[in-house]
Amino acid sequence: MSEPTEPSGSSERDEERERRLSREVASRFEPRPDPEHLGKEASASSRLFDLRLMIGTLFGIYGILLTIYSFFDSQAEIDRAAGIHLNLWLGLSMLLVCVIFFGWARLQPQKPPEPGEPTVPPENQQPTAE
Amino acid sequence: MGKLDVNWFDYGLLIIYFILVIGIGLLARRAIATSEDFLLSGRSLPAWVTGLAFISANLGAIEILGMAANGAKYGISTVHYYWIGAVPAMVFLGIVMMPFYYGSRVRSVPEYLLRRFNKPTHLFNGLTFAVAALLNAGVNLYAMAVIIEALLGWPVWLSIIVAAGFVLIYITLGGLSGAIYNEVLQFFVILAGLIPLVIVGLHSVGGWGELTDRVKQTALGEPGLSTWGGTAVGNWTNPLGDWIGIVMGLGFVLSFGYWTTNFAEVQRALSAKDLSAAQRTPLIGAFPKIFIPALTVIPGLLAIVLIPKLGTTGGDYNTAIPQLMGRFLPNGALGIALAGLLAAFMAGMAANVSSFNTVFTYDIWQDYIRKNRSDKYYLNVGRVVTVLGVLVGISTAFIASGFSNIMDYIQLLFGFFNAPVFATFIIAMFWKRATPWAGVSGLAAGTAGAAAFQFLIAPHWAYMNAGQSPDGTPNPQIINFYAAMMAFVADAVVTIVVTLATTPKPVHQLAGLVWGVPDPNAPDPATVKKPPIYESPKLLGGLAILIVLVLSLIFL
């Protein structure tokens with residue numbers, strides 16, 4: 001991948017225009033697709049689940065369990081944490097974190113898969129392979 | 001130290017966590033169709049995820065326990081590792097270097113060196129990184145097993161196999177997404193474990209003011225409460241040495257080298273969904289990083305006050321946090337903290353394995369061993385390499401359990417390879433004349449420079465010893481920092497000399513890789529949508545630096 005070659009060919013001007021058009025569609029600075037993958041399998045990354053729901057779930061389960069468990073805390077347990085009823089406070093805080101993550105995920109849902117990115121002809125890629 | 005008083009409820013919380021860890025791996029598997037999905041998360045992740053993963057990849061349990069140990073040993077000077085050590089480098093990576101990494105579309109840090117310099121530079125960096133990553137994975141695993149044995153009584157071999165097994169499952173299934181998602185989850189769980197510990201600990205000694213009063217009466221004493229005290233050049237007494245070593249060696253050379261060129265870190269930013277998110281990755285990570293010392297250094301100070309004879313008969317410094325957990329946390333909160341600690345151990349290993357498999361697949365296998373195969377082929381190579389990487393990590397852990405001194409020595413040796421890397425990168429990105437052969441010669445010279453300082457100069461230089469006297473004990477911190485400065489200078493000098501003697505690459509081959517050589521294929525800046533003001537890298541970076549400055553003045 002170390003020896004780039006000059007962009008080749010007579011149709012360079014057409015490609016140039018095509019590229020500019022496609023750039024205008026892409027409103028953001030999107031990196032070019034990797035040359036190795038052109039015309040091959042498409043990425044499935046848009047099927048990745050929303051992590052916020054996972055964090056919310058874990059903290060929700062932990063929060064509920066800790067809060068319930070805290071009602072059975074003995075005085076010795078409370079004394080151990082310097083007099084703070086730690087499991088209760090921690091359980092309630094974790095429930096709060098759970099609510100924050102679910103709320104965030106609801107207010108700003110993960111974007112649905114983007115409709116087809118503008119594709120650029122392979123000749124226009126910065127050549128990489130030898 | 002005594003074992004933790006863990007009951008069925010704590011174990012229940014642990015089991016729930018481990019089920020979720022596997023669940024993430026299974027769910028992330030659906031999102032993998034290409035090698036880039038597997039090794040770089042398909043470059044699709046939002047900035048807050050990559051940003052938290054960026055610091056979580058480094059927030060392994062060794063880091064947490066080690067920084068608490070430093071807090072107990074050195075006092076609040078330990079914040080230098082965060083405020084001067086990490087944050088400025090993370091800001092520099094986000095604002096200055098990320099456009100070259102992400103914009104040039106390289107898939108790894110060694111690949112940048114391949115395009116900027118030549119194959120020898122590429123191989124030198126790729127191979128040393130791959131070997132060091134496996135070594136770190138193994139050492140992490142072993143350190144974990146030792147602590148689990150002390151805390152829970154599990155035999156060393158059992159925790160090595162169990163932890164490595166979970167890491168193997170969630171990375172082989174979910175790839176980098178599995179690793180990153182678990183890192184972010186771990187970040188929140190470790191906070192849920194450590195924040196209560198700090199609150200209860202401070203409450204029990206009577207607050208921060210009372211804590212500092214009591215620290216003054218310990219062996220650490222008054223100097224343990226000042227960050228810059230005793231750093232005068234010539235007669236330093238600070239446990240980290242003089243300010244030149246701290247600012248230049250730790251702050252500039254070592255930290256910039258680690259945070260801006262270590263692929264285990266940079267990979268998290270490369271998995272972001274666009275350039276803006278990639279730039280914000282280290283910047284978003286910088287904000288939690290500023291405040292993590294509150295969760296590591298404060299427990300260290302609490303431990304030195306509350307645990308008699310810590311560091312000698314009261315247990316190793318590294319047990320500061322586990323000992324406080326046993327003392328303060330009731331069952332329940334204890335289970336959460338334990339889950340966080342175990343998760344952090346696995347994250348420390350997973351970060352190494354998930355960056356190793358990418359460098360091995362793309363930079364070694366695809367570039368030198370089997371070129372031009374289908375993407376499916378490299379996806380499978382990535383999976384197989386992941387399994388092999390975990391197996392090598394396990395073997396390394398078992399070797400470490402038999403010969404831990406040898407392991408320390410090998411880690412020291414690999415430190416020499418890291419020390420000069422930043423010099424090469426900074427010259428590569430800002431001097432387009434720098435020639436292909438200057439790359440590898442600079443790296444080799446810098447590595448040799450660090451080794452020469454460590455073995456030939458430091459033992460004969462009394463300034464490196466406590467009290468600057470020939471009879472004092474050598475201070476490993478200042479030696480490390482000065483060796484790094486030596487590596488930087490050696491690398492820079494040799495890079496410049498070799499550049500002047502050899503032919504540079506044609507400028508068009510450097511497009512997008514060097515400052516002032518724009519990539520003709522990149523979009524016209526005028527057509528790129530301006531991000532909203534709160535996403536501006538300069539604003540975020542400036543804010544992080546400002547907070548660090550204010551905190552540094554408060555804790556002067």
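What pLDDT does chain A average, and what share of the residues score at least 70? In this predicted model, chain A averages a pLDDT of 69, and 53% of the residues reach at least 70. Residues 1-12 of chain A fall below 50. Beyond near neighbours in sequence, that stretch has 19 contacts in the model. Residues 115-130 of chain A are also below 50 in pLDDT. Here the contacts beyond near neighbours in sequence number 30. Where pLDDT is low, the predicted coordinates should not be read in detail.

In chain B, helix packing was examined. Helix H9 (residues 156-205) and helix H14 (residues 293-306) of chain B have axes that come within 10 Å and cross at roughly 40°. H9(B) is therefore oblique to H14(B). The crossing is left-handed. H9(B) contributes B:Leu194, B:Ile195, B:Leu197, B:Val198, B:Gly201 and B:Val205 to the contact. From H14(B) come B:Ala294, B:Leu295, B:Ile298, B:Pro299, B:Leu302 and B:Val305. By class, 11 residues of this contact are nonpolar, one is polar and none is charged.

H14(B) also packs against helix H15 (residues 320-328) of chain B. Their axes lie 9 Å apart, at an angle of about 70°. Angles of 65 to 115 degrees count as roughly perpendicular, so H14(B) and H15(B) are roughly perpendicular to each other. On the H14(B) side, the contact involves B:Pro299, B:Gly300, B:Leu302 and B:Ala303. These meet B:Ala320, B:Ile321, B:Gln323 and B:Leu324 of H15(B). The contact of H14(B) with H15(B) has six nonpolar and two polar residues, with no charged ones.

Terms used: Residues are numbered from 1 along each chain as its sequence is written. Chains are lettered from A and ligands numbered from 1 in the order in which they are written. This is a predicted model: local features need pLDDT of at least 70, side-chain atom pairs count only at pLDDT 80 or more; totals for chains, interfaces and linings use all residues. Axes are lines fitted to C-alpha atoms, for helices over the stretch in contact, and angles run from 0 to 180 degrees between N-to-C directions. Helices (H or I, at least four residues) and strands (E, at least two) are DSSP runs, numbered from the N terminus. Angles under 35 degrees count as roughly parallel, over 145 as roughly antiparallel, 65 to 115 as roughly perpendicular and the rest as oblique. A crossing is left-handed if the near helix is turned anticlockwise from the far one by less than a right angle, and right-handed if clockwise. Two residues are in contact if their C-beta atoms, placed from the backbone, lie within 7 Å. Ala, Val, Leu, Ile, Met, Phe, Trp, Tyr, Cys and Pro count as nonpolar, Asp, Glu, Lys and Arg as charged, and the others, Gly among them, as polar. pLDDT is the predictor's confidence in each residue, from 0 to 100.
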